[in-house]
Amino acid sequence: MKEAASFSLNVNGTVSDIEADGATPLLYILRNDLCLNGPKYGCGLGECGACAVLVDGRPVRSCTVPLKAIGDRKVTTLEGLGKPGHLHIVQRAFIEEAAAQCGYCLNGMIIAIVGLLEAKAEPDESDIRAALRHHLCRCGTHMEILAAARRAVAYAKAEKPAGSGTEDRIEVSP
């Protein structure tokens, strides 16, 4: 018989107290206890990416992460990225490129691109493909998903604050 323990879980900026066995997959807690349905149960083995969430800004497969491994890290699900009327740039790009068919894989695809943009300011095509390579789309919308990822990268570049690059450096002559 498994023993329940108390955990404080920071998800989408809200701390929730959870009573569960520490070995319970994070995905089960997100869906069953916190009623967050962005992360999907796909394979249960961390292979398909449907269950992806961000943990401290890094994409992870929540079906393979035990609750006890989260500690005080911040978890962000699809629901925590944006709000109606103010979507995250990646969510907006996926909508504008019509990158959904059945939509089952979209959670993982969006989380992967958000994580990529968190890790790399100006990812290129090979970075995009590497970020998405372990995410399965059974409907075949790969071209639209890639177009959405490219659009999100373009949005991120456009939102980059002035003065964050080398263009504002002043060289002083001796």
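Which residue forms a salt bridge with Arg151, and how far apart are the closest N and O atoms? Select Arg151 and Glu97: they form the salt bridge, with those atoms 2.7 Å apart. (A salt bridge here is a side-chain nitrogen of Lys or Arg within 4 Å of a carboxyl oxygen of Asp or Glu.)

Before you click on, note that this is a predicted model, where local features need pLDDT of at least 70, side-chain atom pairs count only at pLDDT 80 or more, and totals for chains, interfaces and linings use all residues. Residues are numbered from 1 along each chain as its sequence is written, and side-chain values use heavy atoms, with hydrogens and water left out.

Stop 1: (Helices are DSSP runs of H or I, at least four residues; strands are runs of E, at least two; both are numbered from the N terminus.) Arg151 is partly exposed at 28% relative accessibility, and Glu97 is partly exposed at 22%.

Stop 2: The charged end of Arg92 sits over the Tyr155 ring, 4.1 Å from its centre. (That calls for NZ of Lys or CZ of Arg within 6 Å of the ring centre and within 35 degrees of the ring normal.)

**Stop 3: two other salt bridges.** Pick Arg150 and Glu125, which pair with their closest N and O atoms 2.8 Å apart. Arg150 is in helix α5 and Glu125 in helix α4, so this bridge ties together parts 25 residues apart in sequence. Then try Asp127 and Lys120, which meet at 2.9 Å, N to O. Asp127 counts as buried at 17% relative accessibility, while Lys120 is partly exposed at 36%. The count for the structure comes to 6 salt bridges.

**Stop 4: the core.** Select Val90, Phe94, Ile113, Leu117, Ile128, Leu132 and Ile145, which touch the most other members of the 29-residue largest nonpolar core. (Such a core is a set of buried Ala, Val, Leu, Ile, Met, Phe, Trp, Tyr and Cys residues joined through side-chain atoms within 4.5 Å.) Colour α3 as well: this helix gives the core its largest share, 9 residues.

Key: Buried < 20%, exposed > 50% of the residue type's maximum accessible area, 1.4 Å probe, protein only.
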